[in-house]
Amino acid sequence: MASSAKSFLADAGYGEQELDANSALMELDKGLRSGKLGEQCEAVVRFPRLFQKYPFPILINSAFLKLADVFRVGNNFLRLCVLKVTQQSEKHLEKILNVDEFVKRVFSVIHSNDPVARAITLRMLGSMASIIPERKNAHHSIRQSLDSHDNVEVEAAIFAAANFSAQSKDFAVGICNKISEMIQGLATPVDLKLKLIPILQHMHHDASLASSSRQLLQQLVTSYPSTKMVIVTLHTFTLLAASSLVDIPKQIQLLLQYLKNDPRKAVKRLAIQDLKLLANKTPHTWSRENIQALCESALHTPYDSLKMGMLSVLSTLSGTIAIKQYFSSAPGTAATTTFDLVKLAQECCYHTNRGIAAHGVRILTNISASCQEKDLLPLEQDAVFGLEALLVLCSQDDSPGAQATLKITLTCMVKLVKCRPHLSQSVVESLLTQLQSAQDSARILMCHCLAAIAMQLPVLADGILGDLMDLYKLIGQSATDKKQELLVSLATVIFVSSQKALSTEIKTVIKQQLENASNGWTAYRIARQASRMGNHDMARELYQSLLTQVASEHFYFWLNSLKEFSHAEQCLTGLQEDNYSSALSCIAEALKSYHKGIASLTAASTPLNPLSFQCGFVKLRIDLLQAFSQLICTCNSLKTSPPPAIATTIAMTSGNDLQRCGRISNQMKHSMEEFRNLATRYGDLYQSSFDADSATLRNVELQQQSCLLISHAIEALILDPESTSFQEYSSNGTAHVESEYERRMMSVFNHVLEEVESLNRKYAPVSYLHTACLCNAVIALLKVPLSFQRYFFQKLQSTSIKLALSPSPRNPAEPIAVQNNQQLALKVEGVVQHGSKPGLFRKIQSVCLNVSSVLQSKSGQDYKIPIDNMTNEMEQRVEPHNDYFSTQFLLNFVILGTHNITVESSVIDSNGIVWKTGPKTTIFVKSLEDPYSQQVRLQQQQGQPPSQQQQQRTAYSRF
């Protein structure tokens, strides 16, 4: 189990003993200076790892200058190693500070008599094109080398020319004629022409350049009709059109023309590949005629491989806006065209080739999902029948091709059911029927599909549990990896389908099978799924059984905390409406377990994996339960200490109508503030969870909404019944619901709002009806079993920011000295670090840097200084480039003393949402009096007037 704990410590680090940046560089430098070639090469190839660990400019600049020296004086093999390192570390090149020096050392090799050395230098220059796009000496060398008689050097020059053309408009304009002459020249061999043509894809810097390149390509396509030439030219044509954008419709027509008229299969395949590229990049540029022409070609082609390619283009288009444009055509032509695409899809649904059938079904599903026209409604049944046929075909086959087709089929099923809920019953029935006889690998995928459908719609009735349990018993006989995976998938479906608590019989069967055939990791995964679905009693028993099976103390504490949380949530399932004393004891019992759990969770955290989200989420849950408990006690206080007899008189004399209710009014006010405070803290937790999946974020949002709901109910029923508006809260139920937990929470929200609104209209506060309504609202919220979502257990995306400030002190506690008449230029550099799946849920668009300074201790006299000069509060937004950003702030420190500067970073994603990810860095600055002011002050203290010379100096001191 310890070996499988990757998700728990995902992307936490390597755990090896780290050298600091300078030591690591010195170590590699020692290798570079070695007399042995092997040691030198080993040192060179270890540089990319160094850049990855210490990605700041000061180290990267030094390292690249050392590599440039090796390149200048080493042999060709070392140069080749340096070239590879440069190409691997391309995103770090812009951090080189001494670009001129670096280029000078590399460029000196271009004058070598060895053509291989010159070729490596050209490739090196090409790899550096992003930082030296306008270097004329590099441009000149590339042009010269294109005329070389050495093939290796010419190929290197072509590589460099392509890279520089992509970066520099001047170079592209200058080289275009040279390239076209070489391509059209009779002396140039054909294989060289094939390498030169792709350079033209970069000629998109302005319209005239793109136009002349297109004309040249058009000539080539007609002048050189050989297969290789046509393929390379057409593909370059497509890439040029995709970059310059204006010629895409023309390019689509050209490719369709080749697809229809050219008899060569290789050319047809390339046309299909390029059409797919354009369908992905610009689906909105496809006209109805284009799609129609593609349908006709697909209908008439006798080759399955080509038909499959064309269908893959059509299935890509069917999931985009192009399909709506296709069906919203002129009334006169609609019948025939609709017939063509639909006819093609219907024909292909039952094709003997699985891939073709999958694309046909996908087209029908996309049409059914996106087009709601009346005459297209019968297509849903065609889609369902096609999906069922494919399901039967693929579920019996264990080959990778069949599994890939099955994935497409099941994805289409989920999409169809989401858009057309009335089809869910037949789809689920066919899945359950097929589940009995399918192969294990297919069963796993089918279980995922069933769970995905059941999360959206409550379609799995209790009646099917018997079948699922029989299958579960059957699977548990063997212990292969596939069976283990299937146990987890099937258990998930069982948890989703039994929306209420699991029966004792089901729990016994699951535990028996786990004891018989599974390993600890499978049991943990099933327990995790039970926690996600709210089956906490099952989860608690599984966590309890795993406690003694882990190898590490941290894992023991982690499992122990999960067991306690599950037990705490299990205590809350016994809540009953109108029974408030038992509700208080249930909450007290749950809190006891939660406090044990949070202690255990804190012990499970490590410096590399601090479990900050988990701790934050659980602490909020504890505070929420305490707030609920306090609210029920407050409601009970109406019975234990009702308003005094003179309460009405006190209310009239004080002018505060709430005093009629006695002491409960003040307690309710405190309670409302407590819930609002909790809602704010849930909002902060949401904002700090940049890497969380959408289901986890929605869960946090629902907790926040429940706090807001209770605070709103207190205000509406007791504190301010007249001015409360119900409009802003009434639209909650209209959003699309993603899970059973969300569905149940939303129904509780709506029910509570209706109750509060009806009471608010009928009765004046405060009566037992009002307090009973609040208590019942609390109990209704707590009766929905809490769902511990994915991010609580595993981190699929990992993003962190590393900041470096300069100037920075040698010792962190030591302040930086600054004179009070000068400004401090604070440079902030940062690196964005990613885990194994960058940008899985959201990507960083820009980084927001906030700098503030606070005076910690004064030294010297108090002067009257304008408020503006007292503090520094600045904010800047920077966009990271290749995961690196830098900016500068000018700070004033007029007041003498020690100032504390805090730099805090937060990120803004591609939707413009701000996430408070941190980190926060602090440095100290000591503001010192400038020497001249100090001298003047001392003289004034001693009663001496400043001398003439000093008076003159003050006039010019600014200069």
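In this predicted model, the largest nonpolar core has 290 residues. Those with the most contacts inside this core are F47, W286, L431, Y472, F675, F792 and I901. Among the helices, α32 (residues 612–640) gives the most to the core, with 14 residues.

Of its 959 residues, 51% count as buried. What about the reach of the contacts along the sequence? Taking contacts between residues at least 6 apart in sequence, 74% join residues at least 24 apart.

Helix α1 covers residues 21–32, which makes twelve residues. From its first C-alpha to its last, α1 reaches 17 Å, close to the 16 Å expected at 1.5 Å a residue. Which residues of α1 are buried? They are A24, L25, L28, D29, G31 and L32. Looking down the axis of α1, these buried residues fall within an arc of 155 degrees, so they line one face of the helix. The general rule behind such a pattern is that an α-helix has 3.6 residues a turn, so residues three or four places apart point the same way. On α1, the face turned away from the buried side carries the exposed residues N22, M26 and K30. As for the buried residues of α1, they pack against α2 (37–45), α3 (47–53) and α4 (57–73).

T405 sits in helix α22, which runs over residues 400–419. Is T405 buried or exposed? With a relative accessible area of 6%, T405 falls under the 20% cut-off, so T405 counts as buried. Setting aside neighbours within four places in sequence, T405 is in contact with R354, A358, L390 and C394.

Aromatic rings come next. The structure holds 22 aromatic pairs. One of them joins Y326 and F327, whose rings are edge-to-face, at 5.2 Å centre to centre and with 80 degrees between the planes. Y326 is buried, with a relative accessible area of 2%, and F327 counts as buried too, at 11% relative accessibility. F792 and F793 also form an edge-to-face pair, with 5.6 Å centre to centre and 70 degrees between the planes. Both F792 and F793 are buried. These two phenylalanines belong to one aromatic cluster, together with W558, F565, Y594, F613, F617, F788 and Y791.

Which ring does the charged end of R123 sit over? It is the ring of F159, with the charged end of R123 5.1 Å from the ring centre. Likewise, the charged end of K265 sits over the ring of Y303, 4.3 Å from its centre.

Finally, the backbone has a few spots worth a look. A cis peptide bond joins S806 and P807, with omega about 5 degrees. P807 lies in the loop between β1 (799–806) and β2 (816–819). The peptide bond from G918 to P919 is cis as well, with omega near 0 degrees. P919 is placed in the loop between β8 (914–915) and β9 (920–928).

Positive phi values show up too. L245 is not a glycine, yet L245 has a positive phi of about 70 degrees. Where is L245 found? L245 is in the loop between α13 (227–244) and α14 (248–261). N882, another residue other than glycine, has a positive phi near 50 degrees. N882 is found in the loop between β5 (872–878) and β6 (884–892). With a relative accessible area of 33%, N882 is partly exposed.

Definitions and conventions:
Residues are numbered from 1 along each chain as its sequence is written. This is a predicted model: local features need pLDDT of at least 70, side-chain atom pairs count only at pLDDT 80 or more; totals for chains, interfaces and linings use all residues. Side-chain values use heavy atoms; hydrogens and water are left out. Helices (H or I, at least four residues) and strands (E, at least two) are DSSP runs, numbered from the N terminus. The expected span of a helix is 1.5 Å times one less than its number of residues. Buried means under 20% relative accessible area, exposed over 50%, partly exposed in between (1.4 Å probe, protein chains only). The arc is that of the directions from the helix axis to the C-beta atoms. Contact means heavy atoms within 4.5 Å. Rings of Phe, Tyr and Trp (its six-membered ring) pair if their centres lie within 6.5 Å; planes under 30 degrees apart count as stacked, over 60 as edge-to-face and the rest as tilted. A charge sits over a ring if NZ of Lys or CZ of Arg is within 6 Å of the ring centre and within 35 degrees of the ring normal. A nonpolar core is a set of buried Ala, Val, Leu, Ile, Met, Phe, Trp, Tyr and Cys residues joined through side-chain atoms within 4.5 Å.
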